[in-house]
Amino acid sequence: MATDLSKYRNIGIFAHVDAGKTTTTERILKLTGKIHKLGEVHEGESTMDFMEQEAERGITIQSAATTCFWPGSEQQYDSHRFNIIDTPGHVDFTIEVYRSLKVLDGGIGVFCGSGGVEPQSETNWRYANESEVSRIIYVNKLDRIGADFFRVVKQIETRLGARPLVMVLPIGKESELKGVVDLLTRTAWVWDETGDPLNYSKQEVPADMADAVEEWREKLIETAVEQDDDLMEAYLEGNEPSIEDVKKCIRKGTINLDFFPTYCGSSFKNKGVQNVLDAVVDYLPSPTEVKPQPEVDAEGNETGQFCLVDPKRPVRALAFKIMDDKYGALTFFRIYSGTIAKGSTLLNTFTGKTERIGRIIEMHADDRNEVDSCQAGDIVAFLGMKTVQTGHTLADENDPATLEPMVFPDPVISIAITPKDKANAEKLGVALGKMVAEDPSFRVETDEDSGETILKGMGELHLDIKVDILKRTYGAEVLVGKPQVAYRESIQAPISDSYTHKKQSGGSGQYGKIEYTIEPGEAGSGFQFESQVVGGNVPKEFWPAVEKGFKQSVERGVLAGYPVVDVKVALTDGGYHPVDSSAVAFEIAAKAAYRQSMPKASPQILEPIMKVDVFVQEENIGDVIGDLNRRRGMIKEQESTTTGVQIKADAPLSEMFGYIGSLRTMTSGRGQFSMEFSHYAACPRNVSDEVIKAAAEREEAKKK
């Protein structure tokens, strides 16, 4: 049975933390007949957030996918199929947002009526612009004190540089919010106080709003007709286009990202959500109306071919998420082209291995519905994929191609964990394997010396939640060390020195003499070695041995055992013995020379410096800057925006642990920040003393 793809909408709902995104998703599922009892995030029982950590923290971590159907608020359409992807809003999880955006055709950007456009919304908006996703805007929480629809519309223009196209006006402010006026039809939708989304009536526009409605309606039509020259000409001559024609123009402009239809309401109070659902059908693109994905070859170069959304073409499916749940590992796919039947075999173009499609599942949060086949435009999960990871493409074996893979950033912070006992050690191994497959921005390494497991991630909250998942989801009890900073060592002064290695004990001995200079290198140059020996005092064949001796030595600094960077070693002269000299003798000489000379070259500890971006209200600036100064932060710039102040600073990673807690305390929970690695710089004396002391204590502990 061929499906009509024009009735498909693959949409994401993305927003800042606490803009009410998950509640909005709940309301959509309720209205589309998927849920019978409304779950409240406030009560910790929303449907999309089915991980315990999510219900408890009231935030969405994983993006869950679900399918539902919408026939229109007045049953005015054939039923449309919505595949909805709920994405996280917290900065440590933007990787999830980025991943979801790759597979969407349209989105609903949710903003808080009182909080407005916040830094994280800016990041998500930027990602959506990069991915060229059409969006409609929904300003939520207009029943809240201090909520102001027009202020948020203004911020969308100034802070996001976007063009909101206002489609409805709110009736009543804050607790008096009764409904919305649909500008196109000049109809007031008024909900009663029962809280039932279906209890609304359509009325005349309230008399006191008549002027505002005409003013905004005119702006709406003027903006819409820019999409069609003929209509625009007619409009300028005084002929107003039909509502159908205006809708066509709005649809065209929305898909071209020229503007974003903007709605408002209160999801919690069930007011205004139907208008948004109708807008998804009216203005967001179906899978066939978006730019097709470019195909790339094995090296990642574009082939010039595009993947057209068509059930009859060769199969192309992109894995965008892996989730482990009680049924096993689920891999979520967006099917871009072709039709996939249960039992068929496809090629993973990244690994070159084939995968048999066992079970195909349509998801509704953590409820599921098994199907026999899926096709272009669908978002489904496959059970039991063996070699597939996020970003891999499954394709037709006889006609393979890869869709552009996703790129993930490097982690900046690590913690050491050790299992409580042997039973937990086995659980830990299995759990970490699954978690790394699920989240490409999370890495796991083993420390050779201590045998500890090191977890690396994008931020403190990121790692916090990973440890939480280990304990709860996988039942692995672990002891968590303090967050670790990746320090480095270097030197400040050049030194010239010599070292002779000789050993005589019957038979042939060992002899190697080297003269050398060690000096600081350029920042970022790592380790460099050259030989300046002229004449044959150190024969050429021994130079590589000298280099090897130094190169192995710089892996451990003399102060605290951290890797040494930015040093340059030059071999200047030396001496050898025709019988007793060997490569081994020169290598030993170089290692001993390193231990002898490095302490004399003013060694120092370097620490990672982070680029910190803080967003606060005017009244908190003093406290926040004072606090950053105490954390040895250097303020780079501060810029006032319509909703507060953005402070950019450089601060050492070691001082930024627990920052989120302090910032929330100073700003009554309204401040936000993001942080990424910038460069390495020398530590002040008191800090390096601490680092050296801690390293010595670790060595002591190992000996015991």
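Which residues in H9 are buried? In H9, the buried residues are Val273, Gln274, Asn275, Val276, Leu277, Asp278, Ala279, Val280, Val281, Asp282 and Tyr283. The model is a predicted one, in which local features need pLDDT of at least 70 and side-chain atom pairs count only at pLDDT 80 or more, while totals for chains, interfaces and linings use all residues. Residues are numbered from 1 along each chain as its sequence is written, and side-chain values use heavy atoms, with hydrogens and water left out.

Now for the overall picture. The protein holds 16 helices and 37 strands; these are DSSP runs numbered from the N terminus, with helices (H or I) of at least four residues and strands (E) of at least two. Of the 704 residues in the protein, 52% are buried. The accessible surface comes to about 31200 Å², and carbon and sulfur atoms account for 48% of that; such areas come from the Shrake-Rupley method with a 1.4 Å probe, and for residues only the protein chains shown count as cover. Contacts (heavy atoms within 4.5 Å) can also be sorted by sequence separation. Among those between residues at least 6 apart in sequence, 71% join residues at least 24 apart.

Setting aside neighbours within four places in sequence, aspartate 282 touches Tyr77, Lys247 and Arg251. In the loop between strand E11 (260-264) and H9 lies asparagine 270. This residue has a positive phi of about 60° although it is not a glycine. For background, most residues other than glycine have a negative phi. Asparagine 270 is also buried, because its relative accessible area is 4%.

A positive phi turns up at serine 602 too, with a value of about 50° although the residue is not a glycine. Serine 602 belongs to the loop between H13 and strand E34 (603-616). With a relative accessibility of 31%, serine 602 counts as partly exposed. As for the strands, glutamine 293 is part of E12, which covers residues 293-296. Its relative accessibility is 13%, so glutamine 293 counts as buried. Between glutamine 293 and leucine 308 there are 7.5 Å in space, C-alpha to C-alpha, and the two are 15 residues apart in sequence.

That leaves the helix pairs. Two packed helices are described by the angle between their axes and the distance between the axes. The axes are lines fitted to C-alpha atoms, for helices over the stretch in contact, and the angles run from 0 to 180 degrees between N-to-C directions. H6 (residues 210-225) and H8 (residues 243-255) pack at about 65°, with axes 8 Å apart. Their crossing is left-handed, a label used if the near helix is turned anticlockwise from the far one by less than a right angle, with right-handed used if it is turned clockwise. Leu220, Ala224 and Val225 in H6 meet Val246, Cys249 and Ile250 in H8. By class, this contact has 6 nonpolar, no polar and no charged residues; Ala, Val, Leu, Ile, Met, Phe, Trp, Tyr, Cys and Pro count as nonpolar, Asp, Glu, Lys and Arg as charged, and the others, Gly among them, as polar.

H10 (residues 422-438) and H11 (residues 460-472) have axes that come within 10 Å and cross at roughly 130°. The two are therefore oblique to each other; angles under 35 degrees count as roughly parallel, over 145 as roughly antiparallel, 65 to 115 as roughly perpendicular and the rest as oblique. Their crossing is right-handed. From H10, Leu428, Ala431, Leu432 and Met435 meet Lys466, Ile469 and Leu470 of H11. The contact of H10 with H11 has 6 nonpolar, no polar and 1 charged residues.

Finally, H12 (residues 543-553) packs against H13 (residues 583-597) at an angle of about 40°, and their axes are 7 Å apart. That angle makes H12 oblique to H13. The crossing of H12 and H13 is right-handed. Residues in the contact include Phe550 of H12 and Phe586 of H13. By class, the contact of H12 with H13 has 8 nonpolar, 3 polar and 3 charged residues.

Methods:
Buried < 20%, exposed > 50% of the residue type's maximum accessible area, 1.4 Å probe, protein only.
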